[in-house]
Amino acid sequence: MKDHALRLAFCFFVLGFALFHFADNVADPDLWGHVLFGQRMIRMKTIERADPFSWTAPGAPWINHEVLAEVALGGVHQLAGGTGILFLKLFIGMLTFWIALRMGSELLAWPWRAVAWVIGFIAAVEIAFGFAARPQIFSALGLAVLLWMLRRVYAGRIRWAFALPLLFAAWINTHGGALAGLLVLGTSFAAVSAEALLKRRGALETRTLVPLGLAVALSAAALLVNPWGWRLPAWLVESVRWVRPEIHEWNPARLDLDRLPFFTLAGLSLAAFAFSRRRREPWEAAVVGILAVMAFRHVRHTPLFSIAALSFIPPHVADLVHRLRPHVTRLETCMTNAKLQRAAVPLFALAGAGCILAAGTLHKECAWTMEVPRDTYPVSAVRFMQE
């Protein structure tokens, strides 16, 4: 009973901590546009292909790669205002976090499952960094779902492979992060194919790779299922090549306090795949590796890397912790002390409750709705003009 209560209190604290970070309600500078575009599509019942807002180039061709996301944001705002948008992003954030955490812990039993929850505590900060109220939150969820599906496919449940094209058909109409998803899919397929060719123990059978390869090809073709056809993926590829040093999130990740969770996860990932005695799935290591490269190049990809790290590295980190046990016997004795554990239960419970309370109150003038920061934008001046 004591262990069960400690477990529940600790998990409650980690979930409360994640909720606090995902509940940030500062409005993104582009949120107004996403809401406006979505509501125009709902009202006009059509997708605009020419720019109706440009002063210098009215009627210029407009390729919108965030149609479904903007319809969702605009529709939710129409129904429930800023509160609806906040709860939409909160739901997507917690769902993304939970999928990754479940994947990271499903191969572990307690007490070793606690390692996954500790990694989740670290990852929640970096994943939430990418969860401003904007269309890219749907790409984070799309990646988590993709990794969940791939684990089942590579475990031999090939029928899941033919759900992949449906995922990409929806994803390409929601956010341009579908390109990153396709890169992850292609990287994972290349890794399992190489493993099969080398006939490594535990590799997929060659005949299994044929339907899997077909599913990958169909997923790539699914990117063409959008109002602009091939022009949308081509535009996305071209946009990725743009150099945007003036935008913080398109700059390389730097070792500072803000990115400390990312660098911590990167170090744990390197140690986990390098020194774990558990079987290392090449496709998992390849996916974490390619997303790490993307994250080091562009800060905006650190949340995607963190989702993959949380999904894949906990079993290997648990193995490393197990190997270190003989060197930390005094610490283990202290942590398993009955009095200390009894004291930890209410402390974790109070900390979790505090995080939930802070999620709706800390640094917020209006709880549970979107806010525009007064220290960045002329909120009072705009209100004065409105009056």
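# Salt bridges, rings and core contacts

Arg152 has a relative accessible area of 14% and is therefore buried, a term that stands for values under 20%, with exposed meaning over 50% and partly exposed anything in between (1.4 Å probe, protein chains only). The structure is a predicted model, in which local features need pLDDT of at least 70 and side-chain atom pairs count only at pLDDT 80 or more, while totals for chains, interfaces and linings use all residues. Residues are numbered from 1 along each chain as its sequence is written, and side-chain values rest on heavy atoms, with hydrogens and water left out.

## Salt bridges

A salt bridge is counted when a side-chain nitrogen of Lys or Arg comes within 4 Å of a carboxyl oxygen of Asp or Glu, and by this rule the model has nine salt bridges. Some of them are set out here.

| Salt bridge | N to O distance |
|---|---|
| Glu48 and Arg40 | 2.6 Å |
| Arg152 and Glu106 | 3.4 Å |
| Arg151 and Glu106 | 2.7 Å |

Because Arg151 belongs to helix H5 and Glu106 to the loop between H3 and H4, their pair ties together parts that are 45 residues apart in sequence. Helices here are DSSP runs (H or I, at least four residues), just as strands are (E, at least two), and they are numbered from the N terminus. Arg151 is buried, at a relative accessible area of 11%, whereas Glu106 is partly exposed, at 33% relative accessibility. Arg152 likewise lies in helix H5, so its bridge to Glu106, in the loop between H3 and H4, joins parts that are 46 residues apart in sequence. Through shared partners, the salt bridges join Glu106, Arg151, Arg152 and Glu284 into one network.

## Aromatic rings

Rings of Phe, Tyr and Trp (its six-membered ring) are taken as a pair if their centres lie within 6.5 Å, and the pair is stacked when the planes are under 30 degrees apart, edge-to-face when they are over 60, and tilted for the rest. Searching the whole structure gives 20 aromatic pairs. One of them is the edge-to-face pair of Phe22 and Phe131, with 5.1 Å from centre to centre and 90° between the planes. Phe22 is part of helix H1 (residues 2–22) and Phe131 is in the loop between helix H4 (113–129) and helix H5 (136–154), so this pair ties together parts that are 109 residues apart in sequence. Phe22 and Phe131 are both buried.

A further edge-to-face pair is made by Phe263 and Phe296, whose centres are 5.5 Å apart and whose planes stand at 70°. Since Phe263 sits in helix H10 (residues 260–275) and Phe296 in helix H11 (residues 282–297), this pair links parts that are 33 residues apart in sequence. Phe296 is partly exposed, with 36% relative accessibility.

Arg259 lies over the face of Phe129, at 4.0 Å from the ring centre, and the charged end of Arg49 sits over the ring of Trp228, at 5.7 Å from its centre.

## Core and buried contacts

A nonpolar core is a set of buried Ala, Val, Leu, Ile, Met, Phe, Trp, Tyr and Cys residues joined through side-chain atoms within 4.5 Å. The largest such core holds 101 residues, of which Phe22, Phe97, Leu147, Leu291 and Phe305 touch the most other members. Helix H3 (residues 67–105) supplies the largest share of this core, 14 residues.

With contact taken as heavy atoms within 4.5 Å, and with neighbours within four places in sequence set aside, Leu147 touches Met103, Val184, Trp283, Val287, Ile307, Ala308, Ser311 and Phe312. Ser219, which lies in helix H8 (residues 206–222), is buried at 0% relative accessibility. When residues up to four places away in sequence are not counted, Ser219 is in contact with Leu164, Pro165, Phe168, Leu182 and Leu185.

## Backbone features

Most residues other than glycine have a negative phi, and most peptide bonds are trans. Lys45 has a positive phi of about 55° although it is not a glycine; Lys45 is located in the loop between helix H2 (31–44) and H3 and is exposed, at 73% relative accessibility. The peptide bond from Trp110 to Pro111 is cis, with omega near 10°, and Pro111 is placed in the loop between H3 and H4.

Notes: Lys NZ or Arg CZ within 6 Å of the ring centre and 35° of its normal.
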